[in-house]
Amino acid sequence: MKNQEHHPQKPVIPDLLMTPSDQGDGDLEIEYPEDRGNWTGKLDFLLSCIGYCVGLGNVWRFPYRAYTNGGGAFLVPYFIMLAICGIPIFFMELSLGQFSSLGPLAVWKISPLFKGVGMATILIVCLVAIYYNMIIAYVLFYLFASLTKNLPWQYCGNWWNTDLCLDHHIMRTGNGAVPFNISNTVSPSEEYWSRYVLHIQESSGIGDPGRIRWNLCLCLLLAWVIVYLCILKGVKSSGKVVYFTATFPYLILIMLLIRGVTLEGAWLGIKFYLTPQFDLLLSPKVWIEAALQIFYSLGVGFGGLLTFASYNTFHQNIYRDTFIVTVGNAITSILAGFAIFSVLGYMSQELDVPVQEVAKAGPGLAFVVYPQAMTMLPLSPFWSFLFFFMLLTLGLDSQFAFLETIVTAVTDEFPYYLRPKKAFFSGVVCIVMFLMGLILTTEGGMYWLVLLDDYSAGFGLMVVVITTCLVVTRVYGMKRFCRDIHMMLGFKPGIYFKACWLFLSPVTMMALLVYSIIKYEPSEYNGSYRFPFWAEILGILMGIISCLMIPTGMVFAVLHEEGTLWQRIQQASRPTMDWGPSLEENRTGMYVATLAGSQSPKPLMVHMRKYGGITSYENIAFQVDKEIEEDEEESMM
């Protein structure tokens, strides 16, 4: 009572409606979360995006996809799909992250009803990060194996080789005197990969994982230790590491390219790679394949782009960065095709077999065909080491992005508790994922890796990207989103971006989704092993569970609101009170951090009703609300 006598009672303002001046008042002690941090250098963000997008897929998927879908003609649908799907969605993700300075979970303050999209993203990224680091472990294994005078997969006669093993040295010394029937033979590199590295002959299938391969287990542990040390201080440490991991692969790629094109027979591979088959452009499969390559190569939907952009300064020119990264990624893929197929052309001439018989995609290219080609070169351990070191640097910066996405998403949800302990939390995430990945180090681990690779980021990822695109343009509103970009960059996106966001991109991705469902084929390994029915169901469930996160998030968001069901849905679909730029100096226009013009008028209206309502501001909110709806109707016409 004494305190009330000496200090007249001030009106109590709810926390959500407090201005910075209210919060700075001595009567109220408010604890602020620790600062998220920013990139420490101008090139950190750009190089991180390049490192994230330019990954293993550029080397082992694009060249193979190009030659099987029309060779040089494949570049036509590839660049068209880049313009329709790649660049617009890439720019949208960067804009969302930079505008809000939030990770892939907290960014759904833009429309809490769809927070399940963020949850689905994190689930997908977790599954991908587990098996992606196993691929890096394989690369480390081969990297260490290259530190020798003679590569261990160069000759037959080792304990892991079978009677079917036949190496090219014998074929060359034969001088054609005895015709070799190579159809029923196996190369030393293939037996080294399957029988020594994987030891897969001891496993009968996915239901029989067998024992842990301790050499692979140690390589996986080393891979996680490297990743943890590089993300230890968040973007401050990973932003410096990418100066090496994002640029050094280009140096090695150019070295491999120069070495490849100077080999005898290289033109056979390059001709095979680039010979255009324009008749294939009439096939919808080629266009779908082009869109899929763009979709997965740029890494849209995984949350990595959004996370990286959230550490930018508010006025970073992400419009310019979008074109640098997307076009640079496409050019890198094409260059990698020259480096790969020049060597495959040389290899086909040495073995006297057609190029298509030695050309493979995925792990088959990286761990069987290319290592075999390396044994045919002088200084083969040197070239082998360079190749696998390139794969290591390509894989690591993509893995940095996956881990940074997971850590940022969770710490943004619990900033008071986890941001001060971010290094510790990152360590916990790495340890848990290492333990979950142990099954991949078993004798049957490759079956599990193939299952994860085929299903973890399939149609679930497409649903995430389609939903994000529709929510931003239809629920949040195209006009409002363009206004936000104008606040950041000083100009609004042109008709090209608007047309893609509103129609072209979502329609193309829906066609992709329908195509992938209609053309679904059960997974298989090495063309001979078919996965059992229960394994297929498990794989399909990976995609379905990530999709189910979206309606689950909707249920929680609706239950959190008040009123009738329709009122709850309306309120949950509107931006929260604190949606907008994170720094007060960037909150202009409708985001000005004062009570009179506080945040976005729609949530202002909702929150004021909850606290009893302030009539004058409620009327303003209704008025501005109506103006925004009229603006949106005009823009749609």
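Guide: Axes are lines fitted to C-alpha atoms, for helices over the stretch in contact, and angles run from 0 to 180 degrees between N-to-C directions. This is a predicted model, in which local features need pLDDT of at least 70 and side-chain atom pairs count only at pLDDT 80 or more, while totals for chains, interfaces and linings use all residues. Residues are numbered from 1 along each chain as its sequence is written, and side-chain values use heavy atoms, with hydrogens and water left out.

Visitor: At what angle do helix 25 and helix 26 pack?
Guide: Helix 26 spans residues 565-573, helices being DSSP runs of H or I with at least four residues, strands runs of E with at least two, both numbered from the N terminus. The axes of helix 25 and helix 26 lie 8 Å apart, and the packing angle between these two helices is about 110°.

Visitor: Which residues of helix 26 make that contact with helix 25?
Guide: Contact stands for heavy atoms within 4.5 Å. On the side of helix 25, the residues involved are Ala557, Val558 and Leu559. Across from them, helix 26 contributes Leu565, Arg568, Ile569 and Ala572.

Visitor: How many helices does the protein have, and what share of its residues is buried?
Guide: The secondary structure of the protein consists of 28 helices and two strands. Residues 24 or more positions apart supply 80% of the contacts with a separation of 6 or more.

Visitor: Why is helix 22 described as largely enclosed, and which elements are included in its cover?
Guide: Helix 22 runs over residues 445-455, and because nine of its eleven residues are buried, this helix is largely enclosed by the rest of the structure. The buried residues are Gly445, Met446, Tyr447, Trp448, Leu449, Val450, Leu451, Leu452 and Tyr455. What covers these residues includes helix 7 (115-145), helix 9 (188-197), strand 1 (524-525), strand 2 (529-530) and helix 25 (533-560).

Visitor: How many residues apart are Lys115 and Glu413, which meet in a salt bridge?
Guide: The structure holds ten salt bridges, each a side-chain nitrogen of Lys or Arg within 4 Å of a carboxyl oxygen of Asp or Glu. In one of them the side chains of Lys115 and Glu413 come to 2.6 Å, N to O; Lys115 counts as partly exposed at 28% relative accessibility, and Glu413 likewise counts as partly exposed, at 27%. Lys115 belongs to helix 7 and Glu413 to helix 19 (residues 380-413), so that the pair links distant parts of the chain, with a separation of 298 residues.

Visitor: Which residue is linked with Asp412 and Arg419 in a network of salt bridges?
Guide: Asp412 and Arg419 form a salt bridge with their closest N and O atoms 3.0 Å apart, and both residues are buried. The network of salt bridges that contains Asp412 and Arg419 also takes in Arg36.

Key: Buried < 20%, exposed > 50% of the residue type's maximum accessible area, 1.4 Å probe, protein only.
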